[in-house]
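I opened this model to take notes on its chain, one item at a time. The entries follow in the order I looked things up.

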Amino acid sequence: QMRRHQKACSLLNSLCSTERQGSIENDRQRLRERLQEEEQQLRTSSLPAIPNPFPELCSPASSPVLSPGSLPPGEASTGKYVSQNTTKDTIVKIFSEDGIGKVVEIPADMTARDLCQLLVYKSHCVDDNSWALVEHHPLLGLERCLEDHELVVQVQASMTSDSRFLFRKNYAKYEFFRSPLTFFPEHMVAWCQETNHTIPPSQLLKEPRHLQLLADLEDSNIFTVITGKKQHGAPTDYGFCIKPSKGRGELKELRMLCAEDEQGRTCWMTAFRLFKYGIVLYQNYKIPQQRKTLLSHFSAPVRSVSENSLVAMDFSGRIGRVIDNPVEAQSAAMEEGHAWRKRSHRMNILGSHSPLHHSSLSSVIHIAQLWFHGRITREESHRIIHQQGQVDGLFLLRVSQSNPKAFVLTLCHHQKIKHFQILPCEEDGQVFFSLDDGATKFTDLIQLVEFYQLNRGVLPCKLKHPCTVVAL
C-alpha cells in the first residue's frame, strides 16, 4: 500500500510538473507573439505618409507599399533573399568611374550595403551612407542602383558577360523619404478616399488594365535608360525600362517607357521601387540612422597620443596662454588658416609676371578637392550630376571652356542643372574669385565653396552634396 501510495504521488507530481511546464511554455509563446506585435506596430508607426503609387493594381488594404505585410530582408521563411550556398566565396569585379576595375572576394550572403562599406573602407572614402553599387549594361544602355538588401552574388548570376558593377555616389537613393512631395507631386498621384477606400473615377486612368502588363515585378527590375534617343529611338531623354532578372538581355524582353521630364521619370521609378519592395526600403533607409544614434556616444574621433596632447595657444601677448574656451579656440584656428593662406599666396605670387599667373596658390589649392573635376565639358558635368542623384545642392566645380582663367560652378536645384561662372578679379595686386561680379570676393575656391555651403547668396540653394569620383 505504501508503495502504491508513493507511486501515485510521484505520478501526480509528474503530471503537475508537466502541466506547469506546458503552462509556462504557453505563456512564453503568448509573450513572444505580443512582443512581435508591439515591435511591428513600433516599426510601422513612424512611417512617412507616402501614398499607394498604383491604386489601379491593388486595393489600399492589400498594397505592399509601406505595409506591415512586407517581410524584411534575411527572413528564412521567404527564401527570396537567402542564398542557398552561404559557405563558398565568390569573386566580384567592381569598376570605378575612371574605368579601373578591382577584384573583391565576397561571401555568398553579402549584401550591396555591406559591399559598399567594404569598398569605402578599402578606398579610404568618407562613409556618408550615399555610396551605391550600380548594375550597368552598356550594350542595352541601362543601369540601376542595387537596393541595400540585395545579395550581390544573386544579382551577378543574372548578369550577362558584358555587364559590370560600378561603384559611385547616389544621393537620391532615399531622398523620397525626406521630401516625398518633390518625388510625388499632387498632379501625379491618385489619392484614395479615407471614407470607403474607393477611388473616384475621375482620378483613374482611362485604361488601367494596361498597367497589369507592368505589375509583375517579382522577377523584374526597374532601370534607367541612359541613351534612350540614340539607342532605342525614345521620344525624350527621360526613359526607363522594366527588365527581367533572368532573361537573356535581348531587346524584345525589355518593356520601355518614357516620361516627359526628369521629375516624371523619377516619380515613376520611385513608385515601382516602392511597389516591389514596400517597407523593406524604409527599413534600409532607417538602418544608417539607427547606427548613427547608437554610435553618437562615441562620435569623437580616435586620435594618437601626440594629437591628444596638443592644446590651443594664444601668442598675441608677451607670453603665451592656453585657450580654454572651445569657441575661441575654433575661431583662432580659422584665423590661423586664413593667415596661412594669405602668407602662402604672397610667397607664391612673388616673381610672377602677372597677378593672374597660374603658379599662385589660389589657382592650384583646389585641385585636390573632391568637388573639383578639372577640364570637363558641360555635357560631362551633366552626366555626373545625373548619375549621382539630382538632389538639391548637388554640385561640382570645373574649368571654364570659354574662359581658361575662370571656373564654373555646376549646381542641381529642383532636378534642373544650372551653371554659374566664377571669375577672377584683381584688387590691390591680389587675385580674388567671385560668383556675383565682385560683390563677394574670396582668395581661393575653397573659401568660395565653404561660404556657399553655409550661405545661399545669389545661388538658388546652398551647396550641400559634392560630386565625388573615387578611384578604387
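I began with a residue pair: W131 stands opposite K169 in β5. I note at the outset that the model is a predicted one.

I then looked up the strands involved. Strand β3 covers residues 131-137, and six bridges join β3 to β5. The two strands run antiparallel.

I checked β5 for a further partner and found β1 (residues 90-95). β1 and β5 pair in the parallel sense, over two bridges. In this pairing I looked up I94, whose bridge partner in β5 is F165.

Is β5 (residues 164-169) mostly covered or mostly open? I found it mostly covered, with five of its six residues buried.

**Whole chain**

I stepped back to the totals. The chain has 472 residues, and 40% of them count as buried. I counted twelve helices and 16 strands in its secondary structure.

I looked up the accessible surface next: it comes to about 28100 Å², and 54% of that belongs to carbon and sulfur atoms. For contacts with a separation of 6 or more, I noted that 57% are between residues 24 or more positions apart.

**Helix α2 and the residue after it**

I went to α2, residues 112-123. The helix has twelve residues and reaches 16 Å from first C-alpha to last, close to the 16 Å expected at 1.5 Å a residue.

Which residues of α2 are buried? I listed A112, R113, L115, C116, L119, V120 and S123. They cover an arc of only 160° around the axis, which puts them on the same side of α2. The general rule I had in mind is that an α-helix has 3.6 residues a turn, so residues three or four places apart point the same way.

Just after α2 I stopped at H124, which takes a positive phi of about 60°. H124 is not a glycine. I placed H124 in the loop between α2 and β3. With a relative accessible area of 72%, H124 is exposed.

**The sheet of six strands**

I traced an open sheet of six strands in the order β15-β14-β13-β12-β11-β16, and its pairing is mixed. Its edge strands are β15 (441-442) and β16 (465-466), each of which pairs on one side only.

Inside the sheet I followed β13 (residues 416-427) and β14 (residues 430-434). They run antiparallel and are joined by five bridges. I looked up L423, and its bridge partner in β14 is S434.

P424 is also on my list, and its place is in β13. At 22% relative accessibility P424 counts as partly exposed, since the cut-off for buried is under 20%. I took the distance from P424 to D437: the two are 13 residues apart in sequence, and 9.3 Å apart in space from C-alpha to C-alpha.

The loop between β13 and β14 contains D428. I noted a phi near 55° for D428, a positive value in a residue other than glycine. D428 counts as exposed, at 79% relative accessibility.

What lies across β11, β12 and β13? I found helix α11 (residues 378-387) there, running at about 155° to β11. For the record, β11 spans 394-399 and β12 spans 407-413.

**Two buried helix residues**

T266 is found in α7 (residues 262-277). T266 is buried, with a relative accessible area of 15%. Not counting residues up to four places away in sequence, I found that T266 touches F183 and Q415.

The other residue is G228, found in helix α6 (residues 228-232). G228 counts as buried at 6% relative accessibility. Leaving aside neighbours within four places in sequence, I found G228 in contact with G233 and A234. I also took the C-alpha separation of G228 and L257, which is 9.8 Å for residues 29 apart along the chain.

Conventions. Residues are numbered from 1 along each chain as its sequence is written. This is a predicted model: local features need pLDDT of at least 70, side-chain atom pairs count only at pLDDT 80 or more; totals for chains, interfaces and linings use all residues. Side-chain values use heavy atoms; hydrogens and water are left out. Helices (H or I, at least four residues) and strands (E, at least two) are DSSP runs, numbered from the N terminus. The expected span of a helix is 1.5 Å times one less than its number of residues. Buried means under 20% relative accessible area, exposed over 50%, partly exposed in between (1.4 Å probe, protein chains only). The arc is that of the directions from the helix axis to the C-beta atoms. Contact means heavy atoms within 4.5 Å. Accessible areas come from the Shrake-Rupley method with a 1.4 Å probe; for residues, only the protein chains shown count as cover. Two strands pair if DSSP finds at least two bridges between them. Axes are lines fitted to C-alpha atoms, for helices over the stretch in contact, and angles run from 0 to 180 degrees between N-to-C directions.
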